[in-house]
Amino acid sequence: MTMSPTLEVPNKAPSPQPTHLSMTIKAGDAQGYIAPVFEGKQAQMLAVVETLMDKGFIPEEFVESETAWFYNSLGIDDMYFKYESVDAISNHILSLYSGKVAAFSRIDKHLEIRLDEESEDHAVYIDTSHPGVSVINGPQYENRIDRKYLDISGPGRAYRVETFRSSAPLVGDDKGGQRLRCYFVYQCDFVNPNPGEDETDLAVVSDKLFLQKVTPNTRSIYQDIVTAVIERRTGPVIRVFDIEGTNEKRLVIGYMQRSTMGIFSALSDLYHFYGCTSGRKYVEQFSNGVTVMSLYLKPLADGGNYRNGPGRHPHIDDSIQQIMKEVSLLYCIPKNRYQHHFIAGNLSLQETIYAHCVGIFVSHFLNRLGSEYAELTTLLDPNNSSHTDLLSKLKRRLRVETFTPEYIHGVINNHPELIRSLYLSFANTHYVQTRGDQDTFLPTLSYQRLKMDRVLNDKELRQKIDTTVEDENQQKVMSMFITFNSHLLKTNFYTPTKMALSFRMSPSFLPTNEYPQPLFGMFMVVGAEFRGFHLRFRDIARGGIRIVRSRGKDHWAANARTMFDENYNLANTQQRKNKDIPEGGSKGVVLLDPEHQDKLSERVAFQKYIDAILDLLLPPTSPGIKDPIVDLHKKPEILFLGPDENTANLVDWATEHARARGAPWWKSFFTGKSTTLGGIPHDVYGMTTLSVREYVNGIYRKLNIDPSKIRKLQTGGPDGDLGSNEILLSNETYIAIVDGSGVLVDPNGIDKEELIRLAKLRKPIDHFDISKLSPKGYRVTTEENNVRLPSGEMVTNGVIFRNHFHIRTDIKYDIMVPCGGRPESIDINNVGKLVHGGKSLIPYFVEGANLFLTQEAKLYLERNGTILYKDASANKGGVTSSSLEVLASLAFDEQGFIENMCVHDGQLPEFYKSYVKTVQATIQNNARLEFEAIWREHKQTNKPRSVLSDELSTAITALDEELQQTDLWHNVPLRTHVLKDALPRLLVDKIGLETILQRVPENYLKAIFGSYLASRFIYEYGSSPSQFSFFDFMSKKIKSLN
């Protein structure tokens, strides 16, 4: 076997450190555990000797010495001997002896022992290795322990680990220095497997074996760690202890189970890099969801010492401080794509994780569309939605066929020397030496390089890249690092404790031919389980956070290619929807990695994403936990977030977490929260559906149609927010419903009472009582195959049937109302199936679900006779509700908010009830105003309604932004008059206008002022008013002041 020692980089030294408690453990308490005495050990040892004698593989004269060596010289805990059988121990000794014999037959006399035994409730691993050396090509026992036992540990099933290294070199190892490392894994048997959520008493939450073995001192240490983890629930808790009279340090790390993966093995690489080795390591689990790792570290014998002269490693005090700091980075990303460079000593941990994050940035933003695409964009109209849709499709196709993530990774991987220089530029800007001259130890490796190496400017970096890479494509990849560095405004990379890495970017690097509407702000977040973005088009903006899951690696790769563009398009749609409210459009998208697709990973990824963004929004208030960062943006920022796909049940946590972290705007941080936190749930009050129904009913009203005669197809079933409320509020005859569980059809009309039952229970259509279908009706679930329909057609695959049902033409209906479904379910490639003989088969279409149709498909249907209202118009009830929820949270002080907006003991405050009715009325009024404006404009111009919707949105948002910059804002009487009209009367009467104006931030009030005037003007005068129209409009406003 080839050993790969860690290559040390000269002058490694630790960085200025946060203040951590460093305490001394008395020599008598150094062990930390009391090894339980196995009374039958001597008798067992004799039985093992007899068994080995009987086997005959070890010469009789060596049996007793080999057995005694195994029992007495390896530091193996008595629990091992208590748990293992005589046969198992005999086999382990025999395997070790065989390794010694094999070493004599090797030319290099290298002693190599590999032993593993795994079962469901325990495991044993024994390995030979050199202290302080990470082995790349070995049995990877620590990785196996992570993967098979620690990463999956939770309150229901958890595993504790003990590992020991023999104190003396192995007999027969001519090379010298090798030790035997033993790992013992045991399934936990908790005192109380199901404690309360906030239970921290170790007497309740501990493993029974742990309580038998732990010393009082260690128990006290663990009690403090467990309590701190439960109180914080985010990020690692780190403590270091000196062992009295020795140069050994005890590093203790606590964190929530399954909040990070692979950290046990990654920690070994980290302390090896800083010249340390471990004689003992313990991993303890607790039934309240906490993991605590305890590592006993000491310097390598030949490690050198910075304080006494040159050497390969820092002094142990400096090493341990740097390890403490970098545990936070490891917690965020335990295994990065360039880890092997770190293990081999070619790059530091900071450099490899920097390369990992920038590699993700490069894969999303490398301009790989070519000059032909740029030329095409000049020929098309960026304000024409059908043109932008076409360009979006072309862009997606080109990106699949050009620079792949694998190619980008290969280029970065082959240029560690460039990574070092590029990282220096990054660190030179964003590294903060928090303790300055008061530091008692030397700077970190990266900071040392800042002192030792010259930091290159961008021009010099480009020259170095040009002379190092092999071709133009590699030059494009590595130059994107400069783009990243130069557009990074702030990051939590150097914050002492964090859950994920966040980067606030200036979006000005985005090419305008690909992204014609400029973004105001952009966050990129990278975690161990995910990557994510948050995009917004204005300073004051709101939108939901969605989590995207993938069915496999290929599906994940497709999602990764499109996630930023989908995020951009969703935020842009939100921008158009938010025309009636002060907030502009924003959206956050979190893409789970292929290996993390379960519900727990959703929660962990969401929590890390939110916490990492908060790191960049909140000022540091906890030295040593959240230290100052370099802020090149230099302006305070607030994000207004809400629920979206897969995040509705996580909103309360985000609200409470923002509150716990001291965010003054915690009340307004998230909408969609529970009523106990002052939220107005959209689903309970049908907020989104109220807007959709105004458009549906508007069509019926204009055309004098009896709704009960209308036949309807709906995507999104009775289990969803929009789908369930659409069923409850509608009075059409349902012909078909498609949801996640399958397809439900009845040409004679689906039983409405049964649909209402499911909608109230929030159950999908696979719970429909099919006995209530007519003979022509049927249901096909996604779990079914080879289903015969009443027509005789055979459905061979339920999933495929569900996915394409909305473009079938054998079911006759009058209106389609999508209330769910993936974006672009109807596009230019399949919309033709819905048109026969130049006439659309769908007379009326109200797009309740976001982006269900592409703009091209909308226009195609409209050209062929469909009356269609798009998502940006119809689906805006939810954003209006959320905006008014935010307004209430800003207008009330904390006590008033709790009294008037938060549910107590299940009782809704009277103000809350009235405010909800105000919100509902506002939603209906705004929807009615826009419906009438679009209907009127279409009648006058004959433009497609989909185009008019965009033109209205563009006109309102443009005028809104102009109005906020005019002197009209400084006309105090006018400003007061407009805000009095714009603000809900109920809120003004309760709090008082002057108080509201004092409490609500001025930029938010400006946004209310602009959006209200702009929307009312455009709805009345149209998207292309005459130059005198606004003068007339404002004259009426000013006249009303007198």
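**Reading helices, cores and a buried glycine**

Trainee: How many residues does helix α8 have, and how far does α8 reach from its first C-alpha to its last?

Mentor: Helix α8, residues 216–232, has 17 residues and reaches 24 Å, close to the 24 Å expected at 1.5 Å a residue. The expected span is 1.5 Å times one less than the number of residues. Helices (H or I, at least four residues) and strands (E, at least two) are DSSP runs, numbered from the N terminus. This is a predicted model, in which local features need pLDDT of at least 70 and side-chain atom pairs count only at pLDDT 80 or more, while totals for chains, interfaces and linings use all residues. Residues are numbered from 1 along each chain as its sequence is written, and side-chain values use heavy atoms, with hydrogens and water left out.

Trainee: Which residues of α8 are buried?

Mentor: An α-helix has 3.6 residues a turn, so residues three or four places apart point the same way. In α8 the buried residues are Thr218, Ile221, Tyr222, Ile225, Val226, Ala228, Val229 and Ile230. Buried means under 20% relative accessible area, exposed over 50%, partly exposed in between (1.4 Å probe, protein chains only). After α8 comes Arg233, with a positive phi near 60°.

Trainee: Is helix α5 mostly covered or mostly open?

Mentor: Mostly covered: 7 of the 10 residues of α5 (141–150) are buried.

Trainee: Which residues have the most contacts inside the largest nonpolar core?

Mentor: In soluble globular proteins, nonpolar side chains tend to be buried together. Here the largest core has 101 residues, and Tyr354, Met478, Phe484 and Phe493 have the most contacts inside it. Helix α12 (residues 349–365) gives the largest share of this core, 10 residues. At least three residues come from each of domain 1 (23–300 + 313–324) and domain 2 (492–673). A second, separate core of 70 residues includes Val817, Trp969, Leu1005 and Phe1017. A nonpolar core is a set of buried Ala, Val, Leu, Ile, Met, Phe, Trp, Tyr and Cys residues joined through side-chain atoms within 4.5 Å; domain bounds come from an automatic or database assignment.

Trainee: Where is Gly532 placed, and is Gly532 buried or exposed?

Mentor: Gly532 lies in strand β13, residues 530–536, and is buried at a relative accessible area of 1%. Leu591 is 59 residues away in sequence, yet 6.0 Å away in space, C-alpha to C-alpha. Beyond neighbours within four places in sequence, Gly532 has contacts (heavy atoms within 4.5 Å) including Phe523, Met563 and Tyr609.
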